[in-house]
Amino acid sequence: MNKLLNELLHADVQRQTRRHFLQSAGFGLGVLGLGSLLNACGQSSEGKTDTRPAAPLNVPHFVPKAKRVIYIHMAGAPSQLELFDYKPELEKYHGKDCPAAFLEGKQFAFIQGVPKMLGPQGKFGQYGQSGAWLSDYLPYLQTMADEITFLKAMHTDQFNHAPAQLLLHTGSARLGRPSLGAWAVYGLGSDNHNLPGFIVLASGGRQPDAGKSVYGSGFLPSVYQGVQCRTGGDPVLYVTDPKGINRNMRRKTIEAINEINRQTYEDAQDPETLTRISQYEMAFRMQMSVPQVMDVSKEPPFILDMYGVKPGEGSFAMNCLLARKLVENDVRFVQLFDWGWDGHGTSASDNIEGGLRQKCRLSDKPVAALLQDLKMRGLLEETLVVWGAEFGRTPMQENRNGLVMPYMGRDHHLEAFTMWMAGGGTKQGYTHGQTDELGYYGVNDRVHVHDLQATILHLMGFDHEKFTYPFQGRNFRLTDTAGKVVNEILA
């Protein structure tokens, strides 16, 4: 019993010492990396906690060119060789054994032995005044070629889906790091007090392979994590009042719960308690704001036709339209995930003949419409649109376990793939980077995923080397210890 009492006394002294230090230091938790949260959830004039969404702790290092970001991730990785990276020489090698230089010392996800080369299946042409190469898989995006900067020599360090997605979105192939969207809201805050600063919309029937960590907050306060909204039913689960509970009763319930949480925070000084308060308050405000923003029934018919959506039907096209509506309502970062872009050639839906074409039919029109819509509304100049996936596909046909697949497909490839960006301070009608004649290696102006991250942060006003957060004894950043801004693509 005495031992238990001594432990309780020791714990109480530790708690009181922490509280005394934090209160007497004069700067509180803010300088310890929680100031943005306390700034958003500090004391109001009535002495009550103000639980608005997080305001920025960081002043941008320079004026942001991109005030908002729409990041479109095609989970699974479409083949750049069928869409953007035209390689006529690859046609000559179609069906021939892969050169030994492409195989020696290399590791692939599935390829074994000596695979056959696979020529491009799309018909390519040059479009716009820029003469950008695009295939017939993307007839609608062809019309927007002069708005786009293509990054033709992207490369990564990971060839499996989950770690590659984590690396692309969090800067690390391991779990636990904040996502790009979380960093964006941590840095710039949210301009809309009734909506989350970071909203996620998913389609394709599944989450990305890396799960919710690709839009998580990692070691940042959880107020910065992405909030996933649905396009059918309640946009956010349980956002409507329970049966028999009206809005006034819900208000009083939340006030009572948050008063308990405020008292808990005063006692324990746990910053996540502030996040919990903020989430309750946000959920209450979202009951009114989210259904209104997510309702497309009042959109003009020509807009619905332009995107190819029908009210009430959840789809990638609907998510593109909702992305426009969200940034129009000052949501800082909108992340679109569309699952189903893996093209190994193992089935009729998992190949580059029918499967990839079908995915492009469902996505090409709404993506082009999103760019056109943003431009018509004067939003594209300050909204950065990013399109891409976690890696690329090989110039060789996949031969899993040494056997040729029943359909045409390509294995995962980390050496070269294509991403593109539009608006938000990037050049219009520009192509950066080049791969070799068979599309295997990047030979000019290669861009690593850390370089992409550094460039996005730069467009949002932050020097990626100085934009850090203290955790476990050192300052962490999105780009880890690498990355450089791709200045050539900046307008």
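What share of the 491 residues in the protein chain is buried? I looked it up: 54% of them are, in what is a predicted model. I take buried as under 20% relative accessible area, exposed as over 50% and partly exposed as in between, with a 1.4 Å probe and protein chains only.

**Ground rules.** I number residues from 1 along each chain as its sequence is written. Local features need pLDDT of at least 70, side-chain atom pairs count only at pLDDT 80 or more, totals for chains, interfaces and linings use all residues, and side-chain values use heavy atoms, with hydrogens and water left out.

**Overview.** I find 13 helices and 17 strands in the protein chain. These are DSSP runs numbered from the N terminus: helices are H or I with at least four residues, strands are E with at least two. I then checked contacts (heavy atoms within 4.5 Å). Of those between residues at least 6 apart in sequence, 75% join residues at least 24 apart.

**Helix 7.** I went to residues 180–188 and found nine of nine buried. Among them are Trp183, Tyr186 and Leu188. Just after helix 7, Gly189 has a positive phi of about 70°.

**Helix 12.** This one covers residues 355–376, and Pro366 sits in it. I noted a kink of about 35° at Ser363, shortly before Pro366. The bend at a residue is the angle between axes fitted to the seven residues ending there and the seven starting there. Just after helix 12, Gly378 takes a positive phi of about 75°.

**Pro366.** Its relative accessibility is 2%, so I log Pro366 as buried. Leaving aside neighbours within four places in sequence, Pro366 touches Tyr307, Phe316, Ala317 and Cys320. Phe316 is 50 residues away along the chain, yet its C-alpha atom is 7.8 Å from that of Pro366.

**Helices 6 and 13.** The axes of helix 6 (residues 161–170) and helix 13 (residues 449–459) come within 8 Å and cross at roughly 30°. Axes here are lines fitted to C-alpha atoms over the stretch in contact, with angles from 0 to 180 degrees between N-to-C directions. From helix 6, Leu167, Leu168 and His169 meet Val449, His450, Leu452 and Gln453 of helix 13.
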